[in-house]
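Please examine the strand packing and the aromatic contacts of the structure shown here.

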Amino acid sequence: MADIQGTYDDLFSAVPNKLAALLDEGDVGGSVAVLVDGEPVVDVWGGFADADRTIPWERDTITNVFSTTKTMTALCALILADRGDLDLDAPVARYWPEFAAAGKEKVLVRHLLSHTAGLPHWEGPVDELYDWPAATTRLAAQPLLWEPGTAAGYHSLTQGFLVGEVLRRITGRTVGEFLAQEVTGPLGADFHIGLPAEHDHRVARTLPPPGRDEDYTASAPGNDATPATGTATRVRDGNSVAWRRAQIPAASGFGNARSIALVQSALACGGTVRGVRLLSAAGAARAREEQFSGEDRVIGMTQRYGLGYGLFGTTFGWGGWGGSLVMIDPDTRMAVAYATNQMREPAEDTRGLDLVMSAYDGLQGL
């Protein structure tokens, strides 16, 4: 069995055992954390940070978690809303006047957070993702694909720029700066949007699924539901220095399971975690206010969306391309996170869900 590092409560031994099984099945490396009441009952890692399996995955290894980053950006928006600085029912153009172009004056802030705004596809070149003014100018000029609020389509890359520019107009700070100063800094959480160069040595590069190379591209499970207008993102893009340095608040977050679970525990614990109050209990509860339920036009599957999070029964959270995931359960005050450098084909990837179910096995004993 693969060697697993870290600590865990014996009641939750199914979680490290599952991580070991994933590594035994061929995964290269990863980390899992389970926090209950903001305290770790599982904080484990194992495997390797490189394809050659020569660099062990360490306690402070971080990796790109792709769309799990969206939960960090959403939390920043919820914090601003809780403070009264951001009105979720306001037109986006109240904060970002240029956004009203091309018939978008009726798009509300809540539409951005719930994938119902009608701007699901990134249509610019990949290089433009690294240029914040260029990216937001492009989106401000882009027409809608549907009447805002009437349909949902996963805004895989665009959501971060859309929400992020609203935050920037209000605070004068980028999402990465706001996150660091208001969230991860106070909590001591090792998560970054816009990764400084001094952390590069800790990064486990993303590895494509077995049999694929770095030209492997992101795609939704229901491929035929996705118009061909969007620009495909490749593994090699996510592994580039430009990607690490850029602020792509829907997809370029770097962290590990411990940092993700710690930050998102704020929403599992009524807005306060480890004595740090990020938002009120009412503000935290907003995350799971249902905004849409039905077929997602991009993913091609039924989805329920809250404010910045996917809703799954009484829990909420989201996952990223390649397998990372965070699940938040306010009823049990639990947060579960998984981060890995090993991609699998999306249709065959149940790792995150399996780890969440293993965590629930542990809860039964508490």
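Predicted model: local features only at pLDDT ≥ 70, side-chain atom pairs only at ≥ 80, totals over all residues.

Residues are numbered from 1 along each chain as its sequence is written, and side-chain values use heavy atoms, with hydrogens and water left out.

Q: How many of the seven residues of strand β15 (residues 334–340) are buried?
A: Strands are DSSP runs of E with at least two residues, numbered from the N terminus. Buried means under 20% relative accessible area, exposed over 50% and partly exposed in between, with a 1.4 Å probe and protein chains only. Strand β15 is largely enclosed by the rest of the structure, because the buried residues number seven of the seven.

Q: Which residue in β15 is the bridge partner of Ile 328?
A: Two strands pair if DSSP finds at least two bridges between them. Strand β14 (residues 325–329) runs antiparallel to β15, joined by five bridges. For Ile 328, the bridge partner in β15 is Ala 335.

Q: What is the angle between the planes of Phe 66 and Trp 321?
A: Rings of Phe, Tyr and Trp (its six-membered ring) pair if their centres lie within 6.5 Å; planes under 30 degrees apart count as stacked, over 60 as edge-to-face and the rest as tilted. The whole structure holds 11 aromatic pairs. Phe 66 and Trp 321 are edge-to-face, 5.1 Å centre to centre, with an angle between the planes of 75°.

Q: Is Phe 312 buried or partly exposed?
A: Phe 312 forms a stacked pair with Trp 318, 6.3 Å centre to centre. Because its relative accessibility is 41%, Phe 312 counts as partly exposed.

Conventions
Helix = DSSP H or I, 4+ residues; strand = E, 2+ residues; numbered from the N terminus.
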